[in-house]
2 protein chains.
Amino acid sequence: MPDLRKDPVSGRWVIIATERAKRPDDFIIEKAQKVEGFCPFCEGNESKTPPEVYAVRDGSMKDTPNWKIRVVPNKFPALSSDGEIKSQRDGIYRSMTGIGRHEVIIETPSHTKFLHNMDENEIRLILETYKIRYNKLKEDVRLRYILIFKNYGFEAGASLSHSHSQIIATPIVPKRVSEELYSARNFYLEHRNCIFCEILKKEIDERIRIVDENEHFVCFAPFASRFPFELWVLPKKHTAFFEEIKEDEIKSLVKIFSSIFPKYYKILNDPSYNYIIHTAPVQMSGKWPTIEYDYHWHIEIIPKLTKVAGFEWGTGFYINPMPPEKAAEFLINAGGGT
Amino acid sequence: MPDLRKDPVSGRWVIIATERAKRPDDFIIEKAQKVEGFCPFCEGNESKTPPEVYAVRDGSMKDTPNWKIRVVPNKFPALSSDGEIKSQRDGIYRSMTGIGRHEVIIETPSHTKFLHNMDENEIRLILETYKIRYNKLKEDVRLRYILIFKNYGFEAGASLSHSHSQIIATPIVPKRVSEELYSARNFYLEHRNCIFCEILKKEIDERIRIVDENEHFVCFAPFASRFPFELWVLPKKHTAFFEEIKEDEIKSLVKIFSSIFPKYYKILNDPSYNYIIHTAPVQMSGKWPTIEYDYHWHIEIIPKLTKVAGFEWGTGFYINPMPPEKAAEFLINAGGGT
């Protein structure tokens, strides 16, 4: 009998098809596809990107070789960085000027380094850069939400294969995010506790979905996983704001990253994936006084192993043929871990 | 400057990247992929599916050749048809037995007939079958929602290429559906009018996003389209319940279908797509007395031309590089239409 499970945060139901439980190899659509040809992100091609807005360099000049990380505006930004926010109403239709920021974090000068084969030092620089750019973009008072995410592989939406992440900052709080915020607030109002802290407690008690854990972070396959091998990474300490992450917490998170991605690579044969940092909106001071209590930042990691089809689009409810308990077991058995 | 647009029903924002406007050819990922090899849906292979639960036949025997449409239980159902609904609560986690129904509508005995090359009579049989099976499944009092949808092409999640649709009936009202219902109810409470009727009125007034229209239906690219060439088909007459569709309305809808899918085929080079019938939940009598006023059934059609990436998963907000006004223009210019 399949199991219907409800995600306690989003209220989304998922069908866990326990009887069709499969092995990791059954899910492999294809290896994360690499794009061939000229790569504007490679060392030496700095002139092919918009001028960098941040870089980790050993004294070399801006937009020249010899760097470890470069951050550049997206050449084809989804939102425009210049201009004023203007709202329009035309009968029932509302629109707004597409103001925002869209940056690309080029994570390494090398075309063949990825999260699954970088060393801890390289991963640390990426996470530190996330924090630095987040805090920089936060200064733009027109913005309400800053989203850090990664598309790895063509199936996950990456149009260039050179390892990179993106930051999109928007003038509104996106729907999925505000649903999560409201749900967390309602839970807090009712229970005087953070829903994510409750989830953490439950996961650590049961220890049947945890894939990795260290001083500051827990990584587990969520109870109502939408996708096979979906993982969430939560800081153990309750905190709503990713941007307040401390140096020793970054070190812990690096260890989680350098454990998870080699595991994916190994048992899922280099899958495409997305990850997304879910954190509180910006410019909220005074507007949502309880946010620091009721929200809890975290990372969601989704390998792209199945196609999202009509049923999912029509209902927002997912069929997952890999029970998270099984997924955790496969990932643990892949070895590694902190 | 990109345009941020808000869908009046879901409240979802979409980035319409007007400046990157492209031609239809720019979106083609690949032709809807056909699965080769043995096909259990072809005429003559009736024994390879579970026994049919409904068919359109000219006097031939059940589960033998000589039929026009067959409906069979899915061989690998997402939900189990036997058993009782049992809810469980384990701390913050809730689950339920996976009871429901999962049927496949085999739309034609031919392996090479699809919506883009069927005649009107063939399409009419499909739509009539939707209505018949919907009303049949409605008798199962354990169910709350009946979803009719189609996955065409591998990119859209189809695992067999022979033309078919699916029906999944669930014991809960899915999240996306209840969001739409609540939003429509709130609009009705505030305005004493149906939000979909308002959208229809606006679209017919402006006539810049309408692709096809006839006596009973309007087909248009929605103002806040999430995807390039997304289309909605709305009945002109306000009605919450797909299953009450009348014979002459089916005829009108057939004309829309036989106009739209050849257009997709022509300008998007046989794309993968999903469509989904959004209709009111079942077993609601007495529980939601205003539903017949505030909801309005419709069909959403989504060609699979872009990859859904981290940004979309993280925010529920979409980047669409094809303004719906342009999409409508391309589709109108493709010719045909009722």
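Predicted model: local features only at pLDDT ≥ 70, side-chain atom pairs only at ≥ 80, totals over all residues.
Local features are reported at pLDDT of at least 70 and side-chain atom pairs at pLDDT 80 or more, while totals for chains, interfaces and linings use all residues. Residues are numbered from 1 along each chain as its sequence is written, and chains are lettered from A in the order in which they are written.

Let's start with chain A. Its secondary structure comes to seven helices and 15 strands; these are DSSP runs numbered from the N terminus, with helices (H or I) of at least four residues and strands (E) of at least two. The C-alpha trace spans about 60 × 50 × 40 Å along its principal axes. Chain A has a radius of gyration of 20 Å, which agrees with the value near 20 Å for a compact globule of 338 residues (taken over C-alpha atoms, the rule being 2.2 Å times the number of residues to the power 0.38).

Now bring in the partner. 59 residues of chain A are in contact with 59 residues of chain B, contact meaning C-beta atoms, placed from the backbone, within 7 Å. Elements giving two or more residues to the chain A side include strand E1 (3–6), helix H2 (175–191) and helix H3 (195–206) of chain A. E1(A) also pairs with strand E6 (residues 93–97) of chain B, in the antiparallel sense over four bridges (strands pair if DSSP finds at least two bridges between them). In that pairing, A:Leu4 stands opposite B:Met96.

Inside chain B, look for the open sheet of ten strands, with antiparallel pairing in the order E3-E4-E7-E9-E8-E13-E14-E12-E11-E10. Its edge strands are E3 (54–57) and E10 (210–213), each pairing on one side only. The twist averages 15° from one strand to the next. Within the sheet, E8 (residues 145–152) and E13 (residues 273–278) of chain B share five bridges, and B:Ile148 has B:Ile277 as its bridge partner. Helix H3 (residues 195–206) of chain B lies across E10, E11, E12 and E14, running at about 70° to E11(B).

Finally, helices H1 (residues 120–137) and H4 (residues 247–268) of chain B pack at about 120°, with axes 9 Å apart. Axes are lines fitted to C-alpha atoms, for helices over the stretch in contact, and angles run from 0 to 180 degrees between N-to-C directions. That angle makes H1(B) oblique to H4(B) (under 35 degrees is roughly parallel, over 145 roughly antiparallel, 65 to 115 roughly perpendicular and the rest oblique). Among the residues that meet are B:Ile123 and B:Leu127 in H1(B), and B:Leu253 and B:Phe257 in H4(B).

Note on methods:
Contact = placed C-beta atoms within 7 Å.
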